[in-house]
Amino acid sequence: MDSNIVVENIYLLVIVTLISVLQNAFFALKVEKECSSQNVKMSAFERVSCANRNCMDAYPTFLAVMWCAGVCLNQAPAAFAGIIYLVVRQKYFVGYMGQTSQSTPGYLFGKRVLFFLLLMCVVGIFNYLLVRYYGSDYKEYVETITSAASALLLIP
């Protein structure tokens, strides 16, 4: 398979993945800065450290479902949902640094984005099985629906 075709089918996912890596580096720098501050406030460090740990716990799940959704179904809505997830994760992290109750909306919205990506994965795999075993391809219809549904992620 030509490498340009492969890159064309995944470049949006690659961009979102690299942005997420930069975000992880930002989170790590925040933890390091809070740890090395002159007046170490244990509660502030614990909040930042806990927010970073919580974000890192969900990170492999996010990458797996985003890539699976993008490869199995359509990269554009998967990458869009990935960007939304990164924005929500940033809101969660910043909210957690203030008061933990401020992080709840980001946490709940992030779960919704992950569920959407998981649903895209399941539909993409189901469509592949339909094509493989029954010869019925509904990918165009499903791509149209997921592209339209990804905009619904913006509704709070």
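Residues 24 or more positions apart account for 79% of the contacts in the chain with a separation of 6 or more; contact means heavy atoms within 4.5 Å. This is a predicted model, in which local features need pLDDT of at least 70, side-chain atom pairs count only at pLDDT 80 or more, and totals for chains, interfaces and linings use all residues. Residues are numbered from 1 along each chain as its sequence is written, and side-chain values use heavy atoms, with hydrogens and water left out.

**Overall build**
- The chain has five helices and zero strands. Helices (H or I, at least four residues) and strands (E, at least two) are DSSP runs, numbered from the N terminus.
- Along the sequence the pattern reads α-α-α-α-α.
- The C-alpha atoms fill a box of roughly 65 × 35 × 20 Å along the principal axes.
- Of the 156 residues, 36% count as buried. Buried means under 20% relative accessible area, exposed over 50%, and partly exposed in between (1.4 Å probe, protein chains only).

**Helix H3**
- Helix H3 covers residues 75-98, 24 residues in total.
- At 1.5 Å a residue, H3 should span 34 Å; its end C-alpha atoms are 35 Å apart, which agrees. The expected span is 1.5 Å times one less than the number of residues.
- At the start of H3, a side-chain oxygen of Asn74 comes to within 3.2 Å of the backbone nitrogen of Ala76.

**Packing of H4 and H5**
- Helix H4 (residues 104-134) packs on helix H5 (residues 139-151) at an angle of about 175 degrees, with the axes 11 Å apart. Axes are lines fitted to C-alpha atoms over the stretch in contact, and angles run from 0 to 180 degrees between N-to-C directions.
- H4 and H5 are therefore roughly antiparallel, a term for angles over 145 degrees.
- H4 contributes Phe116, Met120, Val123 and Asn127 to the contact, and H5 contributes Lys139, Val142, Thr146, Ala149 and Ser150.
- These contact residues divide into five nonpolar, three polar and one charged. Ala, Val, Leu, Ile, Met, Phe, Trp, Tyr, Cys and Pro count as nonpolar, Asp, Glu, Lys and Arg as charged, and the others, Gly among them, as polar.

**Two buried residues**
- Asn52 lies in helix H2 (residues 42-72). Asn52 is buried, with a relative accessible area of 16%.
- Leaving aside neighbours within four places in sequence, Asn52 is in contact with Phe27, Ala28, Val31 and Phe93.
- Val142, in helix H5, is buried at a relative accessible area of 15%.
- Not counting residues up to four places away in sequence, Val142 touches Leu73 and Val123.
- Val142 and Asn74 are 68 residues apart in sequence, yet 9.2 Å apart in space, C-alpha to C-alpha.

Methods: Polar contact = N/O pair within 3.5 Å; in protein donor to acceptor, adjacent residues only side chain to side chain. Parallel < 35°, antiparallel > 145°, perpendicular 65-115°, else oblique.
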